[in-house]
Each structure stands twice: as structure tokens, then as C-alpha cells.
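Visitor: Hi! Could you walk me through this one?
Guide: Happy to, let's have a look.

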Amino acid sequence: MEEGTKYDGGKPRIGEMLQDFAEPLYEVTKAWEYGAQKYEERNWRKVDDGVRRYTNALLRHILAEEINPVDDESHLLHATHVAWNALARLWFILQEKPSYKDYINDFFGCNKVYLDKDIHTTKAGDINIIE
């Protein structure tokens with residue numbers, strides 16, 4: 001069989017990044033799940049002044065980590081909460097940048113970015129947008 005051609009140079013290697021950070025991302029997922037149970041799913045996206053508030057939460061966990069590495073309420077590492085709050089903070093920052101969607105569209109070669117939708121990929125690599 002003849003080998004095919006795939007032009008993926010310069011594109012993000014998301015799979016490799018996820019493999020490198022599988023264990024920390026699994027821990028961050030626990031913090032995400034904890035918040036979803038405590039509040040409601042995706043409630044974090046509805047928070048007013050998200051950049052400031054998630055920055056403050058991130059810093060509180062950094063300070064609390066100096067006293068005890070484990071959060072008394074969630075029983076997760078404070079470092080886990082720091083990472084989760086950093087991601088939430090970044091999400092809010094990206095929402096404030098009107099040019100970000102254009103950047104992502106150009107970077108991935110997409111016609112449209114669905115930052116507010118559930119995106120699922122199939123085993124064949126097809127992308128399904130859940131409205």
C-alpha cells in the first residue's frame with residue numbers, strides 16, 4: 001500500500017500535549033467536577049468579572065497551599081484548584097478578545113469556532129457540534 005500525505009506541520013499537537021499532562025489534567029477534571037456538583041454545570045461561565053474573581057481564587061489557593069497542600073473542603077490539592085482557576089481565568093480572558101476567534105479560525109483552518117458549544121470528536125476524527 002502506498003503511503004498517504006498529510007500536511008500537519010506547524011499545527012498544534014494536541015494529542016501529545018494531552019498525553020504529557022494526562023495526570024495533572026485528570027486532577028483538574030476532579031476540581032471541575034467538584035464545582036459542577038457544588039454549584040451547577042457550567043455555572044463558572046456565568047460569574048461576573050470572571051478574570052478578577054478567578055485570579056483571586058487562584059491566589060487564595062496558592063497562599064493556602066503554604067499552610068496545607070490539601071484543600072479542607074474538596075480534599076483536592078490546592079495546586080489542582082490553582083490550575084483549574086488558571087484555566088477558568090484564561091477562558092474569560094479569551095472571551096474578552098474579539099480577535100481571538102479569528103485567530104483560532106486561522107490557526108486551525110476552521111470556518112467557525114464554537115467556543116460556547118459542546119464539541120465531540122468521533123473515532124474517525126469527525127467533529128460534532130452539540131447545540
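Visitor: How many helices and strands does the chain have?
Guide: There are five helices and two strands, where helices (H or I, at least four residues) and strands (E, at least two) are DSSP runs numbered from the N terminus. Along the sequence the pattern reads α-α-α-α-α-β-β. This is a predicted model, in which local features need pLDDT of at least 70, side-chain atom pairs count only at pLDDT 80 or more, and totals for chains, interfaces and linings use all residues. Residues are numbered from 1 along each chain as its sequence is written, and side-chain values use heavy atoms, with hydrogens and water left out.

Visitor: What about α4, how many residues is that?
Guide: Helix α4 covers residues 78-96, which is 19 residues. From first C-alpha to last it reaches 27 Å, close to the 27 Å expected at 1.5 Å a residue; the expected span is 1.5 Å times one less than the number of residues.

Visitor: Which residues of α4 are buried?
Guide: Among them are Trp84, Trp91 and Phe92. Buried means under 20% relative accessible area, exposed over 50%, and partly exposed in between (1.4 Å probe, protein chains only). Across the chain's 131 residues, 21% count as buried.

Visitor: New topic: where is Phe21?
Guide: Phenylalanine 21 sits in the loop between α1 (14-20) and α2 (22-38).

Visitor: And is Phe21 buried, partly exposed or exposed?
Guide: Phenylalanine 21 is partly exposed, because its relative accessible area is 44%.
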